[in-house]
Amino acid sequence: MTNHNQTDTKRRGVFVFIFLAIATILEFGIAVFTSMWGFLVLLAIIKAGLVMYYYMHIQRLFEQDIETDHKSYAFKLVTNRLGLWLFMLSDFFIFGGLLLTRFNLLGLTRPDLNQTLGLVVTSVLLVSSFFANRAEASMEKGDRKGFINSFAITITLGILFIAGVIGVEWQLAPFSASDGVQGPVFYTMTGFHAFHVLTGVIFLAIVLRNGIRGHYTAEKHWAVEAAAVYWHFIDVVWIFFYPALYLIGTAL
Amino acid sequence: MKKFFSLGLVRGILWQIFGTALGIGFIVLVRILMGLPAWKAEPAVVFGALLGAIFFLIGVGAFTDWYKMAMGEEVPEEVDESSLGWRRYFGVSLDHKVIGIQYMVLGIILMSIGGIFALIFRTELAESGMQFLTMIEYNTLMSLHGMVMIVSILVGIAAIMNYTVPLLIGARDMAFPRLNAFSFWIAVPAGLILLSSMFLGGFDTGWTGYPPLSVRAPLGMQMFFLGVSLAGFTSILGSVNIIATVIRLRARNMTAFRMPIFIWAAIATSIISLTATQLIGLSFELVMFQRLFGMGFFDPVAGGNPILFQHLFWFYSHPAVYVFVLPGLGIISELLPVFARKSLFGYKWVAMSSLGIALVGFLVWGHHMFTSGMAEYLRVPFMYSTLLVAIPTGVKFFSWVATLWKGKIIYPVPMLFTLASIVVFLLGGLTGPPNATIATDLHLQDTYYIVGHFHDTLFGGFMFPFFAAVYFWFPKMTGRRLNENLGKLHFWLVTPSFFILSLLMMRVGLLGMRRRIADYDPALGFDNYHLMMTICGFLIAAGVLVFIINLIRSAKSGEPAPGNIWNSRSPEWQVPSPMPVHNYDKEFEVVGEPYDYGLPGSTYVRFEGEEHHDQP
Amino acid sequence: MKHFIVVAILVIVCTFLVYTGLTAIGLLPIQASEQAIVIDELFDVHIALISFLFSLIMVIMFYSLVVFRRRKGELGDGAFIKGNSGLEITWTLIPFIIVVFLAYLGAYSLGEIRRIDLTALQVNVTAGQWYWQYQYPEYGIASTDLYLPVDRQVSLDMTSNDVIHSFWVPEFRVKMDLVPGQVNNLRITPTITGSYKVRCAELCGASHAYMEGNVFVVEQSEFDAWVSEQQSTVVIDPVLRGQQLVQQYGCTTCHSLDGSSKIGPTWKNLFGHQVTLDDGSTIMADSEYLIQSILEPNLHIVEGFPANVMPDFKDILDQTQVESIAAYIESLK
């Protein structure tokens with residue numbers, strides 16, 4: 001394993017992040033200057049696809065597994081990956097149900113929210129995903145220090161996201177939880193999501209602690225991969241929630 | 001005494017009590033700090049119950065290993081539980097066979113409780129006029145009967161699937177044993193919370209919990225919502241395990257179409273319960289939020305939409321009924337070849353039909369809402385999709401009778417229940433199309449006809465197959481057989497009475513008897529029918545009592561059955577009973593088709609080191 | 001071959017027996033509407049299909065159970081038959097055709113029962129826990145009994161004041177839910193005069209079982225007479241008029257006259273006394289208070305009673321009617 005390969009993975013992570021950032025700015029622009037909601041949905045799907053392929057490496061699920069010893073680490077790793085994805089598939093359905101609820105009740109209107117704040121928290125989450133990926137890439141090459149630093153930044157940004165949404169947005173929102181339907185929709189969607197961010201932060205923190213104590217190696221670091229993938233899952237949810245709450249439709 | 005408190009279940013319950021009190025206290029404290037009046041029952045009790053459930057899981061030990069892993073400690077791969085004896089069954093066990101039996105016992109307990117509720121309100125219904133229940137007591141018992149039975153079905157299918165799936169595919173255990181234990185244990189506090197609703201004012205909405213009625217129902221309603229939401233995790237996490245196990249842990253050469261047919265049923269079931277269950281949780285949670293935080297999701301005054309609840313709710317609850325019956329239909333397909341001594345007719349078609357039912361099942365939910373005033377253009381497509389489910393279901397029926405045709409049929413008790421399943425499920429399935437065509441549904445919706453229809457499908461698709469499965473695999477679990485005579489008594493008590501019960505339900509429904517009513521007009525002339533239905537109910541209960549007695553007695557002193565008493569080709573019957581601790585000490589590989597009965601010299605599986613020899 | 005012939009004969013006989021048996025016992029109530037006739041025809045198709053399919057499966061099954069059972073001392077397994085693609089395709093395709101045909105019949109009958117008659121009688125239905133209330137906008141009358149002229153379509157526009165209810169007269173067959181916040185339409189053309197009962201068909205709380213009302217299908221002349229009677233008994237004396245309106249609009253379902261506790265505050269001794277509201281303040285129950293409480297009930301909620309239960313009558317009653325009701329309440333000591 002050479003530094004060349006590590007730089008490769010990390011560089012790819014940077015390019016993907018730049019793509020995501022541009023797409024997000026594009027989303028913002030389309031929302032502010034036009035009413036082409038369809039494009040926003042398309043952009044969200046593209047962003048989600050990028051994250052699921054490059055950060056969550058969903059393609060590993062479909063790789064041929066030739067390992068036959070059910071007790072080996074390699075075999076269990078593949079099984080664990082499958083388990084994690086099945087769990088996330090299930091969780092997607094809750095968020096899907098919330099999106100359906102939002103569109104059924106609000107249609108092409110949206111809650112009256114602070115756009116700057118929305119863009120800021122979204123960016124925080126996107127950057128945190130970048131660092132989660134970077135951490136996993138470091139660990140894959142045995143760079144413990146890189147992993148620790150990147151993971152610590154991810155956790156910090158995650159906490160910042162929660163502070164931004166629950167601490168700031170919830171206080172500043174011009175409506176309460178019992179206000180019409182925009183209140184219920186906004187607080188429930190952001191609440192469910194923030195709860196998952198919190199569990200993600202706890203997961204990351206546990207893994208960071210164990211990582212500092214030297215529990216993981218380049219060959220065996222399933223916990224790192226799992227925590228990072230789960231973190232990206234939360235990011236993918238927000239990739240859809242952000243336009244649904246902030247961008248699509250006319251403000252109430 | 002010390003031994004009593006060492007039981008996981010006991011510790012769990014004690015912790016649950018403690019956690020509930022802590023949760024209630026916490027809410028009181030928060031309210032005081034926020035300057036609100038200290039005591040408000042609903043948020044305190046809901047949070048208390050939730051915390052209680054989490055503490056139960058801590059107390060029983062479901063989190064222990066994961067906590068150790070989080071702390072970076074070593075956790076043993078496998079645990080030797082044999083020294084614990086019968087205590088294993090009262091605590092966290094990693095053995096799927098123990099968990100399967102735990103599920104089975106919990107399922108039978110819940111079924112009995114739900115059944116007793118039914119007996120109580122059926123006694124009230126036997127005569128018109130209110131004899132001894134109040135309206136809210138009736139509504140609560142009737143609603144709980146529904147949901148407790150549903151949970152017992154989810155637990156019962158988990159029992160069958162957890163016990164048999166690893167055995168059928170030749171695995172040592174499930175893919176995620178700790179997750180498996182967790183999935184079981186969360187059902188216990190969930191059930192307790194669900195039942196607690198009776199003591200917190202009850203609720204009057206039926207198991208469907210429609211707002212706006214559920215928003216204004218008593219506190220018991222919240223316990224209902226919370227209990228079901230928690231029980232949902234049993235389903236969801238259980239499906240993760242089943243799917244991962246079947247994909248990853250099959251024996252060598254066990255290709256997709258050489259798996260036992262029940263595995264296909266388990267996969268189809270798990271696909272549904274993995275995904276759709278979240279929606280009932282969401283729909284219930286939104287009503288909980290409406291009650292707790294004033295969030296007007298379903299309040300028209302706030303701009304909410306009561307029909308949205310029905311869409312969210314039924315998007316799960318219709319596929320859910322296929323979760324209830326697909327395993328049972330898989331059991332029928334699995335057992336008929338053994339007792340007809342003949343190959344399962346059209347294995348591939350039967351396998352695909354389970355997937356077909358699961359997939360089409362996602363597209364039909366609107367047929368529960370034909371009278372709701374939902375968008376008119378949606379009604380007809382849902383009618384088409386609903387009728388289409390009949391096709392894969394028909395494939396199964398035709399396959400079953402074709403399997404019996406030209407067989408060499410024997411009739412031990414598991415076969416009797418398998419056959420009863422076919423008859424009863426046929427009646428349930430045939431009474432479905434009148435509900436599917438909208439015009440006729442306008443007459444049938446919310447009547448006792450529907451009650452008859454779903455009792456037929458549930459008894460035929462779950463209850464009788466469950467009995468068949470228990471009689472069939474009991475020797476594998478214990479090394480003894482259930483008493484054959486008591487089994488026949490059980491069969492003859494429940495089967496004719498149930499058949500008559502369901503026909504009477506449909507009769508009164510067609511004539512105008514609504515469902516979910518505590519009382520009915522004597523002028524309708526239904527009194528005699530109701531009396532007969534109540535008598536049938538008691539006969540069924542008697543049969544189930546015989547079954548339970550049989551279980552208890554036979555576990556201790558039943559006739560020993562150490563070998564392949566059914567002469568089955570399935571792998572688990574090629575090793576001694578009770579099943580060895582790690583299932584297969586020698587691994588096997590698949591060398592033939594699973595159901596080639598009648599083909600001389602054919603074998604399904606061959607164990608390591610075994611000589612190639614003829615199968616008897 | 002012999003097997004097939006015997007089975008075929010048994011299936012035909014069984015189908016015939018089941019079908020005639022089912023149709024002989026009278027499965028449905030009398031057909032008292034045009035919609036019922038259409039629906040019953042579809043039921044008939046279903047019953048025929050059920051009779052056939054039940055017989056088909058059951059005959060083959062029981063035939064096998066008897067003929068292909070293992071006799072005493074017999075060894076060996078059943079015949080080695082694994083499947084038959086032709087048969088599988090057949091019993092997938094034929095049910096598919098039947099199902100599509102049934103769906104077509106279903107769509108056709110749905111269209112038939114939803115035919116709109118532009119000269120239909122308009123009745124607005126409002127339900128609540130646990131009462132039915134009807135308004136005839138063409139005639140300016142309200143009633144708690146549903147009077148319908150025979151052989152004329154009625155267009156029911158229905159909504160609920162609180163939870164979901166459902167309107168169902170079994171003899172008419174069709175039913176439709178009443179949902180708060182939306183108006184659902186149901187059209188019925190009654191064909192047989194008589195008195196029927198409408199019973200709520202969606203669980204709506206404690207007294208759901210007893211939520212019933214009268215439906216009288218009468219000749220046109222009798223209907224006209226009833227309408228005139230309702231219109232003309234608009235009494236001059238405000239108190240009496242108020243009493244009549246109270247009866248027509250079902251106020252006493254929630255407000256007792258004798259001091260007993262119901263969903264809403266009792267009217268006995270209400271007028272002229274102080275009332276404690278849910279925010280702790282007190283207010284005098286004068287005429288203005290009574291009128292406000294009828295037009296906008298959620299303005300003042302009396303302590304111990306629920307909000308958002310009483311409907312706003314400002315869209316239903318005019319000023320004179322409201323004043324009459326207030327006068328009537330005043331008179332109750």
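A search of the whole structure, which is a predicted model, finds 24 salt bridges over all chains. This report starts with some of those pairs.

**Salt bridges**

Side chains of opposite charge can pair when their charged atoms come close.

| Pair | Closest N to O distance |
|---|---|
| D65(B) and R178(B) | 2.6 Å |
| D521(B) and R199(C) | 2.9 Å |

Take D65(B) and R178(B), which form a salt bridge. D65(B) lies in helix α4 (residues 64-70) of chain B, and R178(B) lies in helix α7 (residues 177-196) of chain B, so the pair ties together parts that are 113 residues apart in sequence. R178(B) counts as buried because its relative accessibility is 16%, under the 20% cut-off.

The salt bridge of D521(B) with R199(C) crosses between chains. D521(B) sits in the loop between α19 (484-511) and α20 (527-557) of chain B. R199(C) belongs to strand β9 (residues 194-199) of chain C. R199(C) is buried, with a relative accessible area of 9%.

Salt bridges that share partners join R60(A), R81(A), E140(A) and E225(A) into one network.

**Where the chains meet**

Which chains share the most contacts? Of the 2 pairs of chains in contact, the answer is chains B and C. Chain A and chain C do not touch. Their nearest C-alpha atoms are 13 Å apart.

At the interface of chains B and C, 89 residues of chain B are in contact with 87 residues of chain C. The two chains bury about 7700 Å² between them. Carbon and sulfur atoms account for 69% of that area.

The polar side of the interface can be counted too. The rule finds 5 salt bridges across the interface of chain B and chain C. Between chain B and chain C, 27 residue pairs are in polar contact, with both residues at pLDDT 80 or more.

Which element gives the largest share of the side of chain B that touches chain C? That is α14(B), with 9 residues. By class, this side of chain B has 52 nonpolar, 20 polar and 17 charged residues.

**Helix α14 of chain B**

This helix spans residues 390-404 and has 15 residues. From its first C-alpha to its last, α14(B) reaches 21 Å, close to the 21 Å expected at 1.5 Å a residue. The helix is mostly covered, with 14 of its 15 residues buried. K406(B) follows α14(B) and has a positive phi, near 65°.

**K476 of chain B**

K476(B) is found in helix α18 (residues 448-478) of chain B. Is K476(B) buried or exposed? It counts as buried because its relative accessibility is 0%.

Leaving aside residues up to four places away in sequence, K476(B) touches Y163(B), E572(B), W573(B), V575(B), P576(B), S577(B), P578(B) and M579(B). With V575(B) there is a polar approach: a polar atom of the K476(B) side chain lies 2.9 Å from the backbone oxygen of V575(B). M130(B) is 346 residues from K476(B) in sequence and 48 Å away in space, C-alpha to C-alpha.

Definitions and conventions:
Residues numbered from 1 in each chain as written. Chains lettered and ligands numbered in written order. Predicted model: local features only at pLDDT ≥ 70, side-chain atom pairs only at ≥ 80, totals over all residues. Heavy atoms only, no water. Helix = DSSP H or I, 4+ residues; strand = E, 2+ residues; numbered from the N terminus. Expected span 1.5 Å × (residues − 1). Buried < 20%, exposed > 50% of the residue type's maximum accessible area, 1.4 Å probe, protein only. Contact = heavy atoms within 4.5 Å. Buried area = accessible area lost by both parts, 1.4 Å probe. Salt bridge = Lys/Arg side-chain N within 4 Å of Asp/Glu carboxyl O. Polar contact = N/O pair within 3.5 Å; in protein donor to acceptor, adjacent residues only side chain to side chain. Nonpolar A, V, L, I, M, F, W, Y, C, P; charged D, E, K, R; others polar.
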